[in-house]
Amino acid sequence: MKGTKIGSVLLATVLLTGCIKEENYGQALLAGLTLVKAATLKESEVKKTARLSAVELDKKSKIASPSSAYSKRLARITAGLTNVDGLKLNYKVYLNKNVNAFAMPDGTVRVYSGLMDIMPDDQVLAVIGHEIGHVKLQHSYNQMKKQMLTSAAFQAASATSGSVGQISSSQLGALAYKAVNAKFSQTDELQADQYSLSFLRKKGKDPKSMLDVIYTFQKKLGSGGNFLSSHPTNAQRINAIKSKL
Ligand SMILES: [Zn+2]
């Protein structure tokens with residue numbers, strides 16, 4: 001028992017530093033554990049893990065107070081956007097200079113102040129549409145599920161307790177870190193861009209804002225710098241968006 005526990009903690013650390021191919025490690029460690037199979041992992045468990053992970057992330061992050069200019073601005077941008085196709089959304093601003101934003105399968109949406117600093121409101125909304133797209137198109141869900149299935153910590157906790165609630169906060173933090181830094185595939189990114197276009201249209205906004213987001217990235221971060229993913233190039237995304245406008 002003790003050996004397994006230490007192994008889990010070590011695995012989480014190794015995965016975070018990213019120096020070892022996670023698939024190989026996951027395979028090797030999982031072979032010795034009682035597997036929670038993909039088929040038996042319930043959607044509600046994935047969402048619950050996402051919610052608990054989000055709570056951990058919030059604890060570790062500097063959250064803008066509700067009375068701050070950032071929070072008021074985000075509330076204005078997302079006014080009336082509490083529910084998208086049945087998904088309940090909750091928003092917060094992280095006071096962090098990085099240009100980033102993410103959404104989780106439970107409806108958690110976090111926007112970094114660094115992103116809000118370089119974009120006007122319509123573009124921030126377009127990014128939120130893109131992130132919600134990752135959730136609605138199941139990209140975030142599949143990522144979280146994959147993390148859970150390849151996490152020895154999760155496997156060990158499930159094997160003994162049958163509940164995700166038994167995972168320690170540091171293990172949840174590790175899962176959350178992986179979820180936030182997840183790289184989606186090129187197809188996922190292009191699909192999320194498309195989702196944002198229809199999201200903006202439905203809201204009566206100009207979908208061109210999504211195109212402007214890519215231009216802003218290019219201008220501020222250069223052609224290589226792109227938080228949304230390193231996979232599709234800006235040019236690919238611009239062409240794909242333009243063809244739908
Ligand atoms: Zn994306």
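Where is the place of aspartate 85? Aspartate 85 sits in the loop between β1 (83-84) and β2 (87-88), where helices (H or I, at least four residues) and strands (E, at least two) are DSSP runs numbered from the N terminus. The structure is a predicted model, in which local features need pLDDT of at least 70 and side-chain atom pairs count only at pLDDT 80 or more, while totals for chains, interfaces and linings use all residues. Residues are numbered from 1 along each chain as its sequence is written.

The phi of aspartate 85 is near 45°, a positive value in a residue other than glycine. Most residues other than glycine have a negative phi. Aspartate 85 is exposed, with 9 other C-beta atoms within 10 Å. Here a residue is buried if 20 or more other C-beta atoms lie within 10 Å of its own, exposed if 12 or fewer, and partly exposed in between, with C-beta atoms placed from the backbone. Glutamine 138 likewise is not a glycine and has a positive phi, of about 70°. This glutamine belongs to the loop between α6 (121-136) and α7 (139-149), and it is partly exposed, with 13 other C-beta atoms within 10 Å.

Turning to the whole molecule, the protein chain has twelve helices and five strands. Of its 245 residues, 39% are buried. Among contacts in the chain with a separation of 6 or more, 69% link residues 24 or more positions apart; two residues are in contact if their C-beta atoms, placed from the backbone, lie within 7 Å.

Three of the strands form an open sheet in the order β3-β5-β4, with mixed pairing; two strands pair if DSSP finds at least two bridges between them. The edge strands are β3 and β4, each of which pairs on one side only. Direction ignored, neighbouring strands of this sheet are turned by 15° against each other on average. These angles rest on axes, which are lines fitted to C-alpha atoms (for helices over the stretch in contact), and they run from 0 to 180 degrees between N-to-C directions.

Strand β3 (residues 90-94) pairs with β5 in the parallel sense over five bridges. Asparagine 90 has threonine 108 as its bridge partner in β5, and valine 93 has valine 111. Alanine 103 is bridged to valine 109 of β5. A hairpin is formed by β4 and β5, with four residues between them, and glycine 107 in the turn has a positive phi of about 100°.

What encloses strand β5 (residues 108-112)? Five of its five residues are buried, so β5 is largely enclosed by the rest of the structure. In a regular strand the side chains alternate between the two faces of the sheet. Both faces of β5 are covered: Thr108, Arg110 and Tyr112 are buried on one side, and Val109 and Val111 on the other.

The largest nonpolar core has 53 residues, and those with the most contacts inside it are Val111, Leu115, Val124 and Ile128. Such a core is a set of buried Ala, Val, Leu, Ile, Met, Phe, Trp, Tyr and Cys residues joined through C-beta atoms within 7 Å. Helix α6 gives the most to this core, with seven residues. Beyond its neighbours within four places in sequence, isoleucine 128 is in contact with Thr78, Ala101, Val109 and Val111. Helix α6 lies across β4 and β5, running at about 35° to β4.

Another partner of α6 is helix α11 (residues 208-221): their axes come within 8 Å and cross at roughly 100°. The two helices are therefore roughly perpendicular to each other, a class that covers 65 to 115 degrees, whereas angles under 35 degrees count as roughly parallel, over 145 as roughly antiparallel and the rest as oblique. Asp122, Gln123, Leu125, Ala126, Val127 and His130 in α6 meet Ser209, Met210, Asp212, Val213 and Thr216 in α11.

Finally, alanine 64 is found in the loop between α3 (43-60) and α4 (69-77). Alanine 64 counts as buried, with 21 C-beta neighbours inside 10 Å. Leaving aside neighbours within four places in sequence, alanine 64 is in contact with Tyr70, Ser71, Val93, Leu95 and Ser113. Alanine 64 and serine 113 are 49 residues apart in sequence and 8.6 Å apart in space, C-alpha to C-alpha.
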